[in-house]
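Subject: Handover of a structure

Dear colleague,

Please find below the structure that I am passing on to you.

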Amino acid sequence: MKDFVKKILEEQLGRDFDVEDFYNSSPLLKYLDSKMGAVHGNSKSRRSLANIYAVYSIIYFYVDEFFSNEESYKNFDGYEYTKLFNFYRGLYGGSKLQNHALNSRVNGEFKNKVVSENDNDLIIINNGKYALHIEYLYVDGIDISKIAKKVIEQYITILELKDNKLIGDINLLINLETTDEKKNKLKELLYEDSEARIFEIISYAILKNHYKNTKVYIGYSIKTLKEEYLTLYKTGRTNANDGGIDFVMRPLGRFFQVTEVNNYDKYLLDIDKVMHFPITFIIKTEKTKNIIQSELIDYINKKSKGMKIIEDRYNNAIEEIITINELKYWLEELDDKSINNLLRDIDIYYKLELNILS
């Protein structure tokens with residue numbers, strides 16, 4: 001249980017109340033808590049706003065209309081989709097959210113993570129109308145909707161504070177006077193416990209400016225060869241649950257994936273999802289690339305149980321390992337103009353993440 005969740009339970013129920021037991025008796029609170037890993041600065045956890053806002057949009061209206069009115073709610077047939085969708089699209093960070101959470105994603109994840117397959121859905125879907133199952137709105141006869149509402153609102157407040165701090169750090173960085181000051185500040189943001197989104201964005205900006213002056217010659221024949229510079233594209237939003245690859249390089253078609261050291265099985269899943277196409281891994285670690293390469297190969301060998309076809313499949317799909325060490329080294333090599341371009345990229349892509357780009 002997150003500290004802020006426990007604090008809200010104590011405030012709402014009283015310090016003499018057994019909040020741990022109450023929490024453990026509530027699948028709804030446990031589900032919300034499990035989706036809020038992004039409060040931790042060193043977390044790669046997704047913000048999960050779509051799923052959280054799908055629940056919050058129903059709770060928001062429920063509190064006003066049905067709080068502690070169990071019998072009346074039992075006859076309620078649900079809130080209209082457009083009412084809920086328009087509401088959560090207007091919340092912090094919600095402007096780009098889709099409808100998948102309301103339609104199926106929450107229920108599937110709720111049963112997978114918190115309750116069993118045979119238990120009731122969290123969200124009742126009724127021909128384009130939606131309601132929360134009454135079973136999960138009450139614990140020991142207490143309506144917990146106001147508690148759940150406060151938990152979600154506090155989570156969003158924490159995220160906003162984190163975002164505002166990072167925006168402030170970026171603005172300070174942009175306004176530093178000398179290139180050396182800018183480089184040193186950027187290095188301070190590149191560490192193992194750095195916030196996941198800012199690490200991915202800074203990594204992209206460094207790599208884009210590192211590769212941009214590298215020429216290749218490409219064509220269908222020797223006579224048609226053309227000179228092109230390598231260009232790196234950011235293909236999606238940080239932590240987006242889209243099954244995609246983070247960066248793609250033209251014209252070589254290289255794939256880049258940003259990740260952490262903590263779960264080598266995730267590396268193999270990344271390789272599988274692109275059908276074993278070679279991937280360059282950008283890893284949020286201060287270990288050397290040789291150590292990571294060795295650990296990853298050892299993991300692949302253990303996973304394969306000695307089957308060479310499996311070992312080759314994964315080993316051949318690791319194109320390059322890039323760690324914080326390489327990023328800092330390449331950052332130091334950049335000239336004044338490239339550093340200023342890099343800072344513009346960071347500013348633009350972070351504001352895109354927060355949906356605040358004018």
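In which loop is the place of Met 275? Met 275 sits in the loop that runs between α11 (264-273) and β11 (279-283). I return to this residue further on, after an overview of the whole.

Please bear in mind that this is a predicted model.

Overall architecture

The protein contains 15 helices and 12 strands. Taken along the principal axes, its C-alpha atoms fill a box of roughly 80 × 55 × 45 Å. Of the 358 residues, 47% are buried. The accessible surface amounts to about 18,100 Å², and carbon and sulfur atoms account for 47% of that surface. As for contacts between residues at least 6 apart in sequence, 65% of them join residues at least 24 apart.

In soluble globular proteins, nonpolar side chains tend to be buried together. In the present model, the largest nonpolar core has 56 residues, and the members that touch the most others are Leu 9, Leu 28, Leu 122, Ile 123 and Leu 132. Helix α4 (residues 49-66) is the greatest contributor to this core, giving 13 residues. Another core, of 35 residues, lies apart from the largest one; Leu 230, Leu 334, Ile 339 and Ile 346 are among its members.

A buried serine

Is Ser 203 buried or exposed? Ser 203 counts as buried because its relative accessibility is 0%, which is under the 20% limit. This residue belongs to helix α10 (residues 196-211). When residues up to four places away in sequence are not counted, Ser 203 touches Ile 282 and Leu 327.

Cavities

How many cavities of 30 Å³ or more does a search of the whole structure find? The search finds two. The second largest cavity has a volume of about 40 Å³. Its lining is made up of Ile 167, Ile 170, Asn 171, Asp 347, Tyr 350 and Lys 351. Two elements, α8 (145-174) and α15 (336-353), each give two or more residues to that lining. By type, the lining residues of the second largest cavity comprise three nonpolar, one polar and two charged.

Backbone features

Most residues other than glycine have a negative phi, and most peptide bonds are trans.

- Met 275 is classed as exposed because its relative accessible area is 68%, which is over 50%.
- Asn 127 likewise has a positive phi, of about 50 degrees, although it is not a glycine. Asn 127 is located in the loop between β2 (123-126) and β3 (129-132). With a relative accessible area of 79%, Asn 127 is exposed.
- Arg 250 and Pro 251 are joined by a cis peptide bond, with omega at about 0 degrees. Pro 251 is part of the loop between β9 (247-250) and β10 (254-259).

Yours sincerely

Terms used: Residues are numbered from 1 along each chain as its sequence is written. This is a predicted model: local features need pLDDT of at least 70, side-chain atom pairs count only at pLDDT 80 or more; totals for chains, interfaces and linings use all residues. Side-chain values use heavy atoms; hydrogens and water are left out. On a 1 Å grid over the protein atoms alone, a cavity is a set of points where a 1.4 Å probe fits but cannot get out, and a pocket is an open set with protein on both sides within 12 Å along at least five of seven lines; lining residues have an atom within 4 Å of a point. Grid points are joined across faces, edges and corners, and a volume is the space filled by probe spheres set on the points. Helices (H or I, at least four residues) and strands (E, at least two) are DSSP runs, numbered from the N terminus. Ala, Val, Leu, Ile, Met, Phe, Trp, Tyr, Cys and Pro count as nonpolar, Asp, Glu, Lys and Arg as charged, and the others, Gly among them, as polar. A nonpolar core is a set of buried Ala, Val, Leu, Ile, Met, Phe, Trp, Tyr and Cys residues joined through side-chain atoms within 4.5 Å. Buried means under 20% relative accessible area, exposed over 50%, partly exposed in between (1.4 Å probe, protein chains only). Contact means heavy atoms within 4.5 Å. Accessible areas come from the Shrake-Rupley method with a 1.4 Å probe; for residues, only the protein chains shown count as cover.
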